[in-house]
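Hi,

Here is the structure I promised to pass on to you. Have a look at it first, and my notes on what turned up follow below.

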Amino acid sequence: MKFNVPDMTCGHCVATVTRAVRAADPAADVKVDLAGKTVTVETAIPAAAVAKALDDAGYSNTAL
Ligand SMILES: [Cu+2]
């Protein structure tokens, strides 16, 4: 699954976003494209759960 996360601006954001997804699913594979403002996640949990984890971390997002 892939999300547009427009508010990511730096390496700190990448780390925060990655940590947020891993908190929801420790086994998740998270790839962040900072320049493209996208996060690609391989996970068994629902997309809505990943979206909520990102929201809760302060990063609004839309599914792509
Ligand atoms: Cu940042």
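A compact globule of 64 residues would have a radius of gyration near 11 Å, and the chain has 10 Å, so the two agree. Please keep in mind that this is a predicted model. Along its principal axes, the C-alpha trace spans about 25 × 20 × 20 Å. Of the 64 residues in the chain, 22% are buried. If we take the contacts with a separation of 6 or more, 59% of them come from residues 24 or more positions apart.

Now for the secondary structure. The chain has two helices and four strands, and read from the N terminus the elements follow the order β-α-β-β-α-β.

How are the strands arranged in the sheet? The four of them form an open sheet with the order β2-β3-β1-β4, and their pairing is antiparallel. At the edges sit β2 (29–33) and β4 (62–63), each of which pairs on one side only. Helix α1, residues 11–24, packs on this sheet and touches β2 and β3 (38–42). The direction of α1 makes about 155 degrees with that of β2.

Strand β1 covers residues 2–4 and runs antiparallel to β4, with two bridges joining them. Within this pair, N4 stands opposite T62 of β4.

Best wishes

Terms used
Residues are numbered from 1 along each chain as its sequence is written. This is a predicted model: local features need pLDDT of at least 70, side-chain atom pairs count only at pLDDT 80 or more; totals for chains, interfaces and linings use all residues. Two strands pair if DSSP finds at least two bridges between them. Two residues are in contact if their C-beta atoms, placed from the backbone, lie within 7 Å. Axes are lines fitted to C-alpha atoms, for helices over the stretch in contact, and angles run from 0 to 180 degrees between N-to-C directions. The radius of gyration is taken over C-alpha atoms; the globule rule is 2.2 Å times the number of residues to the power 0.38. A residue is buried if 20 or more other C-beta atoms lie within 10 Å of its own, exposed if 12 or fewer, and partly exposed in between; C-beta atoms are placed from the backbone.
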